[in-house]
Structure formats: structure tokens, C-alpha cells
Amino acid sequence: MPSDLTSLNVSSFDTSKVTTMESMFYGCRTLTTLNLKSFDTSKVTTMEDMFSYNTGLTTIYVSDKFVTTAENSGGSMFSSCVNLKGGGSPQTAYDSSHRNKEYARIDGGSTSATPGYFTAAP
């Protein structure tokens, strides 16, 4: 992906049969928002570096179909996403100690039992 990409519309992609999303949005430094509301990741086994090095990324919209149950590693899924925040209240801000799949969920708020980096899609 080009590093100067500012917008990308993937809100209607059918991903129900996809098994790998490794490095899918890697290095899109100027991308600020991603709408992945249609993404069904129930069969995805590899999400390594999926959003890594998206330093301009602030918001990722998803539905409850974005899951990591089949994912085997999720290593460095969010590396260097320094401006990323979840949609909870209070918002969960990016923390480099949580760059793997454990925060690949809709944010319940930074003080809740379920902090995450995703925002529930409108």
C-alpha cells in the first residue's frame, strides 16, 4: 500500500472466506480512519502486522463480526499505531505493551474489563 494513502473505502468487502489478513493495511501512515464494519474475520488465522506502522490512524470502525477466535498469532497487529484510540468512554489509547490481538475488540472504555482499539460501527 502506498504510504500517502489518505482514505480507503472497504466498508462493503465480503471477507467471510478470507483466512489471512497479514500486513493488509501495513504502513499506511497517512490513513486516519478505517471502516471495517462488514469484515467477518471468523475464518482469519493470520492478522500479524495488519495495522502496523499506521502512525496517522486514529479510528477503526468494526462490527461484532470482527473476531480473533481463529487467529493464531496476532503478533504486532498494532505496532506503532501511536494515535489509535478505541471508541469507549473513556477511550482506550494506544499502548505499545498491547500491540497484539488482545486489544482487537470494540472498546469498552479504558477503565473497563474490556479495553480495545476498535470503535463500534455506526
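Leu34 has Ile60, in β2, as its bridge partner. This is a predicted model, in which local features need pLDDT of at least 70, side-chain atom pairs count only at pLDDT 80 or more, and totals for chains, interfaces and linings use all residues. Residues are numbered from 1 along each chain as its sequence is written, and side-chain values use heavy atoms, without hydrogens and water.

Strands are DSSP runs (E, at least two residues) numbered from the N terminus, and two of them pair if DSSP finds at least two bridges between them. Strand β1 (residues 33-36) pairs with strand β2 (residues 59-62) in the parallel sense, over four bridges. β2 also runs parallel to strand β3 (residues 119-120), joined by two bridges. Here Val62 stands opposite Ala120 in β3.

Ile60 also has contacts (heavy atoms within 4.5 Å). Beyond its neighbours within four places in sequence, Ile60 touches residues including Leu36, Phe51, Phe78 and Phe118.

Which cysteine sulfur is closest to that of Cys28? It is the sulfur of Cys81, 10 Å away, too far for a bond. A disulfide is a pair of cysteine sulfur atoms within 2.5 Å, and the count by this rule is zero. Both cysteines are buried (under 20% relative accessible area, with a 1.4 Å probe and protein chains only; exposed is over 50%, partly exposed in between).

| Cysteine | Relative accessible area |
|---|---|
| Cys28 | 0% |
| Cys81 | 0% |
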